[in-house]
Amino acid sequence: MAKNLLIVESPAKAKTINKYLGKDFHVLASYGHVRDLVPKEGAVDPENGFAMRYDLIEKNLKHVEAIAKAAKSAEAIYLATDPDREGEAISWHISEILKERGLLKDRALHRVVFTEITPRAIKAAVENPRQVAGDLVDAQQARRALDYLVGFNLSPVLWRKVQRGLSAGRVQSPALRMIVEREEEIEAFVPREYWSVEAEMNHPQQAFTARLVKLDGKKFEQFTLTNTEDAQAARERLVKAAGDALRVTDVISKERKRRPAPPFITSTLQQEAARKLGFTTSRTMRVAQKLYEGMAIGEEGTVGLISYMRTDSVSLSVDAVAEIRDVIARDFGTQAVPDKPNEYKSKSKNAQEAHEAIRPTSALRTPASVAKYLDDDGRRLYELIWKRTVACQMVPATLNTVSVELAAGSEHGFRASGTTVVDPGFLAVYEEGKDQKAAEDDDEGRKLPPMKTGQSVPLGNIHTDQHFTEPPPRFSEASLVKALEEYGIGRPSTYASIIQVLQGREYVYLDNRRFRPSDVGRAVANFLTSHFTQYVDYDFTAKLEDELDSVAAGESAWIPLMERFWKPFKTTVDEKSESVDRTEATGARQLGTDPKSGKPVSVRLGRYGPYAQIGHMDDEEKPKFASLRPGTSMHTITLEEALPLFDLPRTLGEMDGKPVTVAIGRFGPFAKRGDTYASLGKEDDPYKIGFERAVELIRAKEEMIANRTIKTFEGTDIQVLNGRYGPYITDGEKNGKIPKDRDPASLTQAECEALLAEGKPVRKGGRFGKKVAAKKAPAKKAAAKKAAGQAGATDGAVAKKATKKVAKKATKKAAKKAVKKAPAKKAAKKAAKKAASPA
């Protein structure tokens with residue numbers, strides 16, 4: 001048995017490192033975190049110094065046992081988890097588990113850190129171990145405790161005031177606010193009309209255009225001309241003053257340098273991968289993780305291709321820079337290598353641990369040399385990282401900008417500009433992408449013909465163009481990450497998970513690759529902004545990150561930080577739980593009066609989403625309800641748009657003596673005849689669909705039902721059926737797959753029984769029913785698991801596993817029982833506190 005045990009986080013990393021260290025080392029993976037806060041109230045105890053109760057993570061129990069078993073026969077233990085706060089915390093948790101089991105007695109315990117997985121880096125780390133950094137562990141524990149307390153106390157308020165099942169997170173909530181505020185800006189935006197004027201010049205050598213910069217002796221600005229009449233009058237004056245040519249009054253030629261962008265940090269890698277490769281932030285990090293942990297590169301064997309991908313640092317090691325400069329000289333010539341290495345400073349005011357930037361572990365591994373060993377995603381991301389890294393150490397690009405001033409008479413002037421590349425420098429390798437095009441970008445690559453002062457240039461035409469100002473764009477993944485970074489919200493390791501949680505909870509959705517808030521998301525953001533203003537404030541959130549950084553740096557203690565946060569936060573939660581009205585919290589709006597009944601028309605947020613309502617709940621006559629149409633928001637819908645919603649259900653006619661109706665249900669629009677329900681197609685509008693089309697859908701559904709049964713077996717519940725995805729076997733409890741090479745009609749009862757034994761539990765009732773647990777697990781346990789999945793995992797709030805109390809609400813029977821035992825408010829509080837994980 002190897003005398004040294006080295007523990008990393010992932011099995012891929014373990015496999016790579018195992019090859020480097022030889023027979024004296026046994027390398028095992030923890031598979032990420034090994035312990036987390038117990039998923040129940042009291043896991044963090046503010047009354048007892050914020051003591052934290054941890055429990056082993058069930059899915060990683062076997063990996064913990066493997067580590068403990070290996071530790072018994074090891075002489076020394078090396079903790080080699082990731083080089084950041086999360087990694088430091090995992091090392092600490094592993095050491096605590098081993099200590100509790102008495103496995104550290106008479107054994108050396110070392111912490112080793114490396115930012116790239118190469119033989120040189122691994123051996124250097126093992127030869128220079130240190131102790132677990134308590135300050136980094138304290139900072140991570142403080143973050144986890146903050147996230148837990150926010151989620152565990154704030155989520156129940158959302159359950160009672162907005163909608164059941166919601167949750168809030170310390171960092172996720174300000175990010176949601178950012179998206180919602182941008183949407184409100186767009187809705188409030190009032191476009192302004194303006195006109196631009198251009199002259200089409202017929203220079204003998206090359207035609208070009210010039211834009212108006214002076215009109216009637218004054219500087220021409222964006223809103224100088226704001227209507228058709230003024231624009232036409234201005235054009236007439238310009239044409240008259242210019243005649244058939246414009247006179248060159250000045251030619252200015254300027255040479256400028258453009259420096260390359262710094263090497264990648266986590267946020268800029270995510271932004272560029274989104275712009276240039278179309279990757280989501282989570283996809284970028286997933287691919288980068290694989291490149292970091294190690295890939296098999298031919299005769300070289302398995303090697304990590306890039307340095308650690310969670311970093312705020314833009315620095316590069318001396319050795320890496322020397323190698324990059326050699327590659328530049330070899331591939332682009334010595335003239336492309338600057339006299340001194342380019343140095344960069346971090347723009348992030350909260351830059352974390354001083355790691356290196358994201359770079360290739362060896363610049364000698366060009367994208368072309370490793371391409372055949374990588375999948376398409378890996379190849380494209382590696383190429384992006386390699387090019388950016390090499391370009392950052394190249395000479396600046398030299399650009400020449402020529403500006404020509406042209407006069408139309410004495411009162412009016414035009415300007416034409418062009419920029420050409422004199423020396424491409426780093427542009428020969430890489431150019432940084434942009435979210436929005438700037439005005440000067442139009443001049444790049446545009447070359448003007450030679451002109452001299454006093455020269456007359458033939459005028460072809462002067463034309464005016466109408467424009468309207470546009471609202472600010474919605475956030476893309478790239479621009480949202482950039483905004484979070486600029487505000488100091490979140491950290492490299494959290495950007496991707498923040499976005500995942502917002503989407504997973506359906507607070508936001510992507511529309512043409514831009515984020516739009518859902519009605520639920522807007523209700524949550526507006527509620528938190530109105531009543532928990534401080535805790536979704538960008539500066540407050542950033543300041544808290546600064547304080548956590550201070551703890552990590554050993555400059556302050558974590559418990560005083562927790563105390564400063566907790567007391568006012570808990571006071572606000574208790575106060576708002578009592579004082580806020582639910583109608584106001586959900587963003588309910590009065591639209592006007594129904595002309596037929598004279599009753600008020602409103603839109604509200606219900607259990608299954610937004611809906612319109614005519615009348616009041618306390619009216620003698622029951623109110624009318626109607627779902628909103630897809631793509632309609634309760635925050636922008638008008639009375640005129642809402643009234644037609646109540647036209648459903650529509651009766652279209654009769655079929656075989658039974659009425660054919662169309663309506664919208666919980667799962668979308670449908671046509672109905674008797675007991676037959678047929679979903680409408682995407683192209684079918686329930687408000688416009690005709691009788692013939694509805695009958696077509698109903699007949700198709702009836703035919704499908706009629707042809708559903710392929711075979712039955714007398715005396716059993718076993719059936720061979722045609723399903724949505726092809727034939728299958730069922731007995732009502734389990735579904736079984738049919739082998740591809742078998743004719744479903746030829747199956748025997750014995751064969752079906754054997755296939756069902758390997759089958760999966762039936763989702764009884766389909767989407768309208770509840771899933772049957774595979775081993776008849778208690779309903780409360782199933783509910784707990786479901787709640788944990790819905791809660792997601794970002795800021796560390798509260799939603800990983802459900803408590804036993806809350807899980808009783810998994811069935812209506814249990815819910816009613818809970819209501820009888822406690823006031824509604826108390827029951828809601830217990831229900832909401834099931835969320836106990838990162839949120």
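**Rings and their neighbours**

Guide: Let's begin with a charge: R182 lies over the face of F475, 4.3 Å from the ring centre. A charge counts as over a ring if NZ of Lys or CZ of Arg is within 6 Å of the ring centre and within 35 degrees of the ring normal. K276 is placed over the face of Y430, at 4.1 Å from the ring centre.

A word on what you are looking at: this is a predicted model, in which local features need pLDDT of at least 70, side-chain atom pairs count only at pLDDT 80 or more, and totals for chains, interfaces and linings use all residues. Residues are numbered from 1 along each chain as its sequence is written, and side-chain values use heavy atoms, with hydrogens and water left out. The pLDDT is the predictor's confidence in each residue, from 0 to 100. The protein chain averages 86, and 89% of the residues score at least 70. Over residues 765–839, however, the pLDDT is below 50.

Now to the rings themselves. A search of the whole structure finds 16 aromatic pairs. Rings of Phe, Tyr and Trp (its six-membered ring) pair if their centres lie within 6.5 Å; planes under 30 degrees apart count as stacked, over 60 as edge-to-face and the rest as tilted.

One of the pairs is Y148 with F152, which is stacked, with 5.0 Å from centre to centre and 25° between the planes. Both residues lie in helix 5 (residues 134–161), 4 residues apart, about one turn of the helix. Helices here are DSSP runs (H or I, at least four residues), numbered from the N terminus. Y148 is buried, with a relative accessible area of 2%, and F152 is buried too, at 3%. Buried means under 20% relative accessible area (1.4 Å probe, protein chains only).

The rings of Y535 and F569 also have centres 5.0 Å apart, but their planes stand at 80°, so this pair is edge-to-face. It links distant parts of the chain, 34 residues apart: Y535 is in the loop between helix 15 (519–531) and helix 16 (538–552), while F569 belongs to helix 17 (residues 558–579). Both Y535 and F569 are buried.

Definitions and conventions
Contact means heavy atoms within 4.5 Å. Helices (H or I, at least four residues) and strands (E, at least two) are DSSP runs, numbered from the N terminus. Buried means under 20% relative accessible area, exposed over 50%, partly exposed in between (1.4 Å probe, protein chains only).
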